[in-house]
Every structure is written in C-alpha cells, then in structure tokens.
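Here is a short briefing on one protein model. Read it with the structure open.

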Amino acid sequence: MFCTYCGNKLAEDAVYCEQCGFVVGSDQKQKSAPPTVIQERVTVGNQAPGSAKRSNKMRLLVIGIVAVVGLVGFIMVMNSMTPTAYLNDYLTISFEGYDTRGTAIVSFDLEAFQSDYENKIQYKHNSPMMEGGSYCYYLYNSCIQGTVEPSDMLSEGDVVTYTWECDDDRAAAEFGIRLAYKDLSVKVTGLEPKPTVEVDPFENIEIQYAGIAPYGYIHKIINHSSSPYLQDVRYVCDTQTELENGDIVTIQAIFPEDTLEYLHQQGVGYTRTENTYQVEGFVTYLSSLEELTQDNIATMQKQAEDAMHAYVDSKWSKEEVLEDMEYLGCYLLIAKEFVASLDENQLILVYKVTASDRLEEYEIHDQFEYYYAVVFRDLIKYADGTVSYLLMDKYEDVSDEFSRKVFYGEHSYDYKTFYYKGYETFDSMVSKIVTSKKDQYEYESDLTKK
C-alpha cells in the first residue's frame with residue numbers, strides 16, 4: 001500500500017504516512033494539505049506531525065518579519081524623496097532703536113528660500129496664481145508665519161522669543177514639502193544708548209470731538225506742547241468716525257524723518273509713539289423713556305399745550321371752543337438702524353381733547369372728544385441729564401384732520417361743517433403715528449389710560 005499523497009510505501013495497518021503525515025483514507029486532508037508542507041517533508045525527512053506544524057509557524061513568522069521590514073524600508077524611501085525645508089536657516093531677528101525703547105525686526109530671507117526650494121515643490125492643486133508666479137512665495141504666505149514677543153520697548157539684554165505658527169498639514173498636502181523649525185530665543189543686543197533727554201509726544205494734546213453718539217467723530221487733535229522737539233509731530237487716530245462714549249481709540253505720533261534725525265543727533269528720545277484714550281463727552285440720542293425726568297416731560301408738555309392754544313386762537317372760529325386738554329402719556333420711537341432720511345427718535349405726547357361746537361342762534365352746544373398728539377424729533381441727552389432736541393422746528397403737532405357736521409335744521413342740508421387737527425379715535429391715532437412705523441422703529445409707551 002502506498003501513500004496517495006506523496007507515494008511513500010505504507011504498512012498494511014498504517015494510520016498515517018510517516019513521510020508526509022497524511023492520514024490514510026482522509027480525502028479532506030488530501031485536499032487541504034499545503035504544498036509547502038510537502039516540500040518541507042521531502043527535505044527534512046522523517047518527522048513527527050507536530051514538528052511540521054512548528055515549521056509552518058516559523059515560516060509564517062519569517063514572512064511577517066520580512067513584510068514589516070519591507071514596509072519600513074518603503075516608508076523610509078518615500079520620506080527620503082519628500083523635501084524638508086529648515087525654516088530657521090532663513091530667519092533673522094535684529095534690533096533697532098534706543099536702549100529701553102528698542103524694537104525687534106523679524107526678517108525671512110524669501111529670496112534664498114526660493115532659490116533652494118522653488119524646484120523641489122510639487123504643487124498638487126490647480127494653481128490659483130498668475131503664470132510665472134512663485135510657489136515658494138505662495139507657500140510662505142499661506143503656510144509659514146510666526147510672532148515675536150515682546151516686540152517693542154526693549155532693553156539691552158532682554159530676551160525675545162520667535163514662535164512659529166505654521167500650517168504643516170497644508171504644506172505637505174498642497175506643496176509636497178515638510179516644514180522643519182524650532183522656536184527661537186534671542187538676546188537683545190545692538191541698541192543705541194538710552195537718550196539723555198526724553199519727551200512725551202502725548203503730554204499736552206487735546207482731542208476735540210464733534211457729532212452725536214453713536215455717530216460722533218474726532219474733529220481735531222491739537223498739540224499744546226511748548227517743547228521744541230515736538231513742534232513738527234502730527235497725530236493720526238485708528239478710528240475717527242462712528243464713535244460713542246466708552247470707545248477706545250489709539251492715537252499715533254508721527255515724526256518727519258528729518259525730525260527723527262535731529263532728535264537722534266541731539267540725544268533726544270521719545271517715551272512712546274502711541275497712546276490710547278477713552279472717548280467721552282458726546283451727547284447721545286435719547287434711547288429710553290427711563291432717561292426722561294419729570295422736568296423734561298413738564299417742559300415738553302408746556303410746549304405742546306402752548307402750541308395747541310396758539311393753533312386754536314389762530315384757526316378756530318368763535319363757534320369752536322376748547323374746553324379741556326388731558327395729558328395721557330407718551331410714546332418713544334427709536335430707529336432700528338441709521339437711515340439718513342429718518343429721525344433717530346420720536347417722542348410723541350398724547351392728549352385727549354374735549355371741545356364744543358356752539359351754534360348759539362340754534363341753541364346748540366355739541367360737546368365731543370378727540371385725540372391730539374405733538375411729536376418731538378431727534379431728542380438728545382446731555383451728561384447732566386438735560387434732554388433737548390436739536391432744532392426748534394423739530395417738533396410739530398400731527399397734521400391729520402377730520403371733519404364733523406353739526407345739524408341745526410330739519411333738512412339734510414341744514415348743517416355746518418367743522419374741521420379739526422387730530423384723530424377721532426384713540427386706535428386710529430396709534431395706528432397712524434406708531435404701529436404703522438414698526439418696520440423702521442422700536443417703540444415703548446407709558447400710557448395708562450385712553
């Protein structure tokens with residue numbers, strides 16, 4: 001009897017082949033035995049079945065190690081093909097100015113950087129640059145940056161640190177380059193000796209504001225200094241318009257080049273080149289009824305009632321009689337946003353008027369009520385709490401009119417018509433002078449009755 005797998009002669013009662021380990025009569029074994037096992041059996045000779053299994057494990061281990069080594073080698077080769085830019089080689093930090101007033105100057109030698117890496121970059125996106133543009137320049141502007149701290153008011157011996165803030169991932173993904181860098185600390189050296197005379201450009205300046213918050217502006221910056229070293233200095237502000245109380249503005253002192261050279265020759269330095277100021281002193285637009293005092297209301301009530309009496313005296317006939325004016329309260333409308341053609345605010349005083357139409361020859365005394373309003377526009381508030389309006393003509397009574405007929409005879413045409421400025425009902429008044437403006441104004445009211 002011979003082994004059906006390897007052909008080795010078997011004993012008649014053999015359970016397995018001593019040559020290859022094949023189980024006699026096993027079709028599954030025959031189908032599943034790996035060819036490597038066959039080669040192993042032939043080479044080694046007579047072995048026990050367990051020995052074959054150990055050899056297989058050893059072979060798989062060797063294959064695994066070879067694969068890992070190959071992968072590592074592949075990665076190393078690929079890495080060796082990716083260029084690395086050593087950024088610190090192109091960075092220079094220098095210092096200028098006077099001791100205690102020095103400034104750090106950071107320079108990156110972009111020209112040398114381009115010379116070394118322009119042909120090594122493999123840009124992997126569609127280029128957004130004009131033809132002939134520099135990939136190095138684009139890489140520098142999009143991926144390479146950093147900050148130096150502190151940067152000014154430096155003294156000899158101080159230490160400044162440049163901290164890189166680069167986009168490594170973008171550099172690798174878009175430009176196919178690795179960025180290598182290390183934060184750099186440098187001792188301050190080379191500053192000129194501290195000047196023997198120091199002047200403060202901001203010692204005697206005056207800031208003149210104009211306008212109304214939040215649309216105030218800086219009108220003028222005046223230098224009142226008598227120092228001969230500050231006669232030619234001029235001042236610029238970072239924010240000059242749309243100012244309101246509490247804003248912070250930064251003013252910079254600008255010296256002409258010849259003045260700086262003169263100061264240097266005279267051993268004169270300046271203590272600072274810029275200063276910050278808190279804006280104050282603007283009048284503001286009235287923005288809440290809480291900002292109104294009883295005196296404010298009383299003053300405007302008198303003006304509104306005087307206006308009403310003046311109108312009655314000049315326009316009403318002797319048959320029309322004003323019997324009473326009851327103050328009901330007010331509405332305050334605040335503009336939602338600045339529009340040149342709109343009022344910033346409107347304060348509307350509301351009255352209920354009692355009047356009579358009297359036809360004495362017919363013994364008719366027809367009493368009625370209607371509503372009247374006076375509007376004050378663009379009210380402003382001063383620091384002392386006083387509230388006023390900008391122009392004397394910025395208030396007016398409402399212009400709406402209604403008419404009423406007073407009948408005195410039996411016929412339908414026996415009547416007399418009277419015209420009044422105001423509104424017949426409270427709701428019609430509110431609709432016209434308040435709620436119809438909701439798209440442009442927010443409003444609040446202190447009315448408690450109609």
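Helix α5 (residues 135-143) packs with helix α6 (residues 168-175) at an angle of about 150°, and their axes lie 10 Å apart. An angle over 145° counts as roughly antiparallel, so α5 is roughly antiparallel to α6. The model is predicted.

**Helix α5 with α6**
- The crossing of α5 past α6 is right-handed.
- From α5, the residues that meet α6 are Y135, Y138, L139, S142 and C143.
- From α6, the partners are R170, A171 and F175.
- Sorted by class, the contact of α5 with α6 holds six nonpolar residues, one polar residue and one charged residue.

**Helix α4 with α5**
- Helix α4 (residues 110-117) also packs with α5, at an angle of about 120° and with the axes 9 Å apart.
- The two helices, α4 and α5, are therefore oblique to each other.
- Their crossing, α4 with α5, is right-handed.
- On the α4 side, the contact is made by L110, F113, Q114 and Y117.
- On the α5 side, C136, Y137, L139 and Y140 take part.
- By class, the contact of α4 with α5 has seven nonpolar residues, one polar residue and no charged residues.

**The protein overall**
- The secondary structure comes to nine helices and 26 strands.
- The protein has 450 residues, and 36% of them count as buried.
- Take the contacts with a separation of 6 or more: residues 24 or more positions apart account for 60% of them.

**Cysteines**
- How many disulfides does the count come to? The count is zero disulfides.
- A disulfide is a covalent bond that joins the sulfur atoms of two cysteines.
- C237 has 12% relative accessibility, so C237 counts as buried.
- C330 has a relative accessible area of 0%, so C330 is buried.

**T259 in helix α7**
- T259 is found in helix α7 (residues 257-265).
- Is T259 buried or exposed? T259 counts as buried because its relative accessibility is 8%, and the cut-off for buried is under 20%.
- T259 is in contact with Y229 and D232, leaving aside neighbours within four places in sequence.

**V398 in a loop**
- V398 is placed in the loop between β23 (395-397) and β24 (401-407).
- V398 counts as buried because its relative accessibility is 6%.
- Which residues does V398 touch, not counting residues up to four places away in sequence? They are A373, K421, G422, Y423 and I433.
- V398 and M429 are 31 residues apart in sequence. Their C-alpha atoms are 9.6 Å apart in space.

**G7 before α1**
- G7 sits in the segment before α1 (27-32).
- G7 has 45% relative accessibility, so G7 counts as partly exposed.
- G7 and Q19 are 12 residues apart along the chain, and 9.1 Å separates their C-alpha atoms.

Key: Residues numbered from 1 in each chain as written. Predicted model: local features only at pLDDT ≥ 70, side-chain atom pairs only at ≥ 80, totals over all residues. Heavy atoms only, no water. Helix = DSSP H or I, 4+ residues; strand = E, 2+ residues; numbered from the N terminus. Buried < 20%, exposed > 50% of the residue type's maximum accessible area, 1.4 Å probe, protein only. Contact = heavy atoms within 4.5 Å. Axes fitted to C-alpha atoms, helices over the stretch in contact; angles between N-to-C directions. Parallel < 35°, antiparallel > 145°, perpendicular 65-115°, else oblique. Left-handed = near helix turned anticlockwise from the far one by under 90°. Nonpolar A, V, L, I, M, F, W, Y, C, P; charged D, E, K, R; others polar. Disulfide = S-S within 2.5 Å.
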